[in-house]
Amino acid sequence: MKGNKIKQWVFYVLCMGLWPVGSEASDPEVLKPRVPQAQIEEARSWKNPFPSTSDNIEKGKALFHGKAFCVTCHGINGKGLGEIPGLVGKLPRNFTDKAWQAEREDGELLWILKNGSAGTAMASFIPLVVTEEEAWRLILYVRSFGK
Ligand code: HEC
């Protein structure tokens, strides 16, 4: 028992040492799927009907910074705002994190925009705030942060 405690502590200290200096590298917690296991296969099969053209990305951008108010939590640069007073659960995602971008299918992001991310401040936005078509364009804009 005592040995385990020490091992845990050593592990913890090592992890702190490996902790990236910037916030560019991803926290493994962030990479875990947000869509429940029972629905993830279906969500991953949903494909974005809109091509990633500059026109569609611009439309997504206008929504992100405008009526869909994503910017209030995800920030102008898509990196999230860090500690936001009153936010419960996980912090807003850093959209410039390439590992996170690679981990997610577009359909999973649409699922989140429909259902929110349970236990976090990420609420459901479809259909009350944006339509599904608008959400797909928002996703194109979210993807543009990873490029
Ligand atoms: C009130 C704050 C808030 C607003 C407004 C908000 N988000 Fe989020 N968002 C979050 C938080 C917090 C998370 C992290 C949730 C988690 O870790 O599961 C998140 C996560 C996400 C994710 C990642 C989910 C994943 O699979 O990792 C996407 C995509 C996203 N938000 C898109 C948006 C878009 C698009 C908008 C605007 C329509 C928006 N968010 C508005 C707080 C917000």
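This is a predicted model: local features need pLDDT of at least 70, side-chain atom pairs count only at pLDDT 80 or more; totals for chains, interfaces and linings use all residues.
Biologist: Which residues make the contact of helix 7 with helix 8?

Modeller: On helix 7, look at Asp-106, Leu-109, Leu-110 and Leu-113; on helix 8, at Ala-135, Trp-136, Ile-139 and Val-142. Seven of these contact residues are nonpolar, none is polar and one is charged.

Biologist: How do you describe a pair of packed helices in general?

Modeller: You give the angle between their axes and the distance between the axes. Here helix 7 (residues 106-115) and helix 8 (residues 132-144) pack at about 125°, with the axes 10 Å apart.

Biologist: Now the ligand. Which residues are closest to the ligand?

Modeller: Cys-70, Cys-73, Lys-90, Ser-117 and Met-122 are the closest, out of 25 residues that surround the ligand. By type, the shell splits into 16 nonpolar, four polar and five charged residues.

Biologist: Which helix gives the largest share of that shell?

Modeller: Helix 7, with four residues. Helix 5 (71-74) and helix 8 are also there, each supplying at least two.

Biologist: What makes the backbone of Phe-69 stand out?

Modeller: Phe-69 has a positive phi, about 45°, and yet is not a glycine. You'll find Phe-69 in the loop between helix 4 (54-65) and helix 5.

Biologist: Why is Phe-69 called partly exposed?

Modeller: Exposed needs 12 or fewer C-beta neighbours and buried needs 20 or more. Phe-69 has 13 inside 10 Å, so Phe-69 falls in between and is partly exposed.

Biologist: How do you know whether Pro-51 is buried or exposed?

Modeller: Count again: Pro-51 has 9 other C-beta atoms within 10 Å. The limit for exposed is 12 or fewer, so Pro-51 is exposed.

Biologist: Where does Pro-51 sit?

Modeller: In the loop between helix 3 (37-45) and helix 4. Pro-51 is 86 residues from Arg-137 in sequence, but their C-alpha atoms are 9.0 Å apart in space.

Biologist: One more proline: what is the peptide bond from Ile-126 to Pro-127, cis or trans?

Modeller: That bond is cis, with omega near 5°. Pro-127 belongs to the loop between helix 7 and helix 8.

Definitions and conventions:
Residues are numbered from 1 along each chain as its sequence is written. Axes are lines fitted to C-alpha atoms, for helices over the stretch in contact, and angles run from 0 to 180 degrees between N-to-C directions. Two residues are in contact if their C-beta atoms, placed from the backbone, lie within 7 Å. Ala, Val, Leu, Ile, Met, Phe, Trp, Tyr, Cys and Pro count as nonpolar, Asp, Glu, Lys and Arg as charged, and the others, Gly among them, as polar. A residue is near a molecule or strand if its C-beta atom, placed from the backbone, lies within 6 Å of it.
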